[in-house]
Amino acid sequence: MRNEAGHVSIKEKTYEIIKQRILTCEYAPGTWLNEDSVCKELGVSRTPVRDALSRLEQDGLIEIHPKKGSHVTELSLNTFNSIHDIRLLAETFALRRYGSRLDESELLRYLDEFTRLENQSSRDTRAIYDLDDDFHLMIVNATQNAFLIKAYQSIQYQYKRLSTCFGQQQDCFQSLSYTEHCAIISNCLKHDWEQAAADMEKHLVRSRDSAFRLLLENQALLQDMKNE
């Protein structure tokens with residue numbers, strides 16, 4: 001939110017700072033946030049912090065417990081199972097029903113980007129995740145459904161946390177991903193929405209399996225981060 005002079009409000013700045021600390025796992029999953037400590041860290045009063053926590057609860061990043069405080073939501077198998085149910089419904093639906101709204105020049109740009117990344121010997125992991133996020137959000141944006149898009153963005157926040165916490169450890173999100181994305185895009189360019197949706201489903205199922213494996217393999221690390 002900007003005022004008439006174009007400056008970002010204190011509330012908006014506070015929200016963005018806390019959100020980024022959660023997404024980068026500076027505030028690790030399961031961490032309890034002391035309101036007074038956060039106010040002191042950010043040099044702001046309680047009002048913008050409380051406003052930020054309320055918004056972050058709507059984003060699915062914070063759980064607020066009356067008279068107890070707030071804690072960063074856990075990265076759990078149940079969470080990611082629920083997320084993937086929504087992703088499978090939303091993204092395959094978007095392709096089948098609204099694929100014709102996708103911009104061909106944008107599809108070609110993503111095809112070039114994924115092809116370029118596949119052929120690079122050294123890859124910027126964060127850039128790969130950001131490109132992946134942007135591509136999938138583009139698909140959902142084709143629905144032009146504000147409620148669905150907002151819900152989907154909160155799902156992306158969970159994936160950003162997962163990739164930040166564990167993404168540097170292994171190539172689970174990248175293996176085969178380029179080929180899968182290119183197959184989806186190629187069928188979109190052919191206007192074969194059924195096949196594009198089928199390819200998307202295959203891609204999302206593999207992504208779910210990778211997320212589950214990461215969580216199972218890193219339970220101890222999650223606990224250590226929570227206790228720091």
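1. Helices here are DSSP runs of H or I with at least four residues, strands are runs of E with at least two, and both are numbered from the N terminus. Gln144 is found in the loop between α6 (125–141) and α7 (146–166). Phi of Gln144 is near 55°, a positive value in a residue other than glycine. Gln144 is exposed, at a relative accessible area of 60%; exposed means over 50%, buried under 20%, and partly exposed in between, with a 1.4 Å probe and protein chains only.

2. On provenance: this is a predicted model, in which local features need pLDDT of at least 70 and side-chain atom pairs count only at pLDDT 80 or more, while totals for chains, interfaces and linings use all residues. Residues are numbered from 1 along each chain as its sequence is written, and side-chain values use heavy atoms, with hydrogens and water left out.

3. The overall layout of the protein chain comes to 10 helices and 3 strands. Along the sequence the pattern reads α-β-α-α-β-β-α-α-α-α-α-α-α. Of the 228 residues in the protein chain, 46% count as buried. Contact means heavy atoms within 4.5 Å. Among contacts in the protein chain with a separation of 6 or more, 75% come from residues 24 or more positions apart.

4. Most residues other than glycine have a negative phi. Cys25 lies in the loop between α1 (10–23) and β1 (32–33). Cys25 counts as buried because its relative accessibility is 10%.

5. The helix pair to check is α5 (residues 104–118) with α8 (residues 177–189), whose axes come within 9 Å and cross at roughly 155°. That makes α5 roughly antiparallel to α8. Axes are lines fitted to C-alpha atoms, for helices over the stretch in contact, and angles run from 0 to 180 degrees between N-to-C directions. Angles over 145 degrees count as roughly antiparallel, under 35 as roughly parallel, 65 to 115 as roughly perpendicular, and the rest as oblique. The crossing of α5 past α8 is left-handed, that is, the near helix is turned anticlockwise from the far one by less than a right angle.

6. Which residues of α5 meet α8? They are Glu104, Leu107, Leu108, Tyr110, Leu111, Phe114, Thr115, Leu117 and Glu118.

7. Thr73 is found in the loop between β3 (69–72) and α4 (77–98). At 8% relative accessibility, Thr73 counts as buried. The side chain of Thr73 reaches the backbone oxygen of Gly60 at 3.0 Å. Leaving aside neighbours within four places in sequence, the contacts of Thr73 are Pro29, Gly30, Gly60, Leu61, Ile62, Glu63, Gln158 and Arg161.

8. Thr92, in helix α4, is buried with a relative accessible area of 9%. Not counting residues up to four places away in sequence, Thr92 touches Arg87, Ala197, Met200 and Glu201. Glu12, in helix α1, counts as buried at 12% relative accessibility. The C-alpha atoms of Glu12 and Val49 are separated by 9.9 Å, with the two residues 37 apart along the chain.

Note on methods
Polar contact = N/O pair within 3.5 Å; in protein donor to acceptor, adjacent residues only side chain to side chain.
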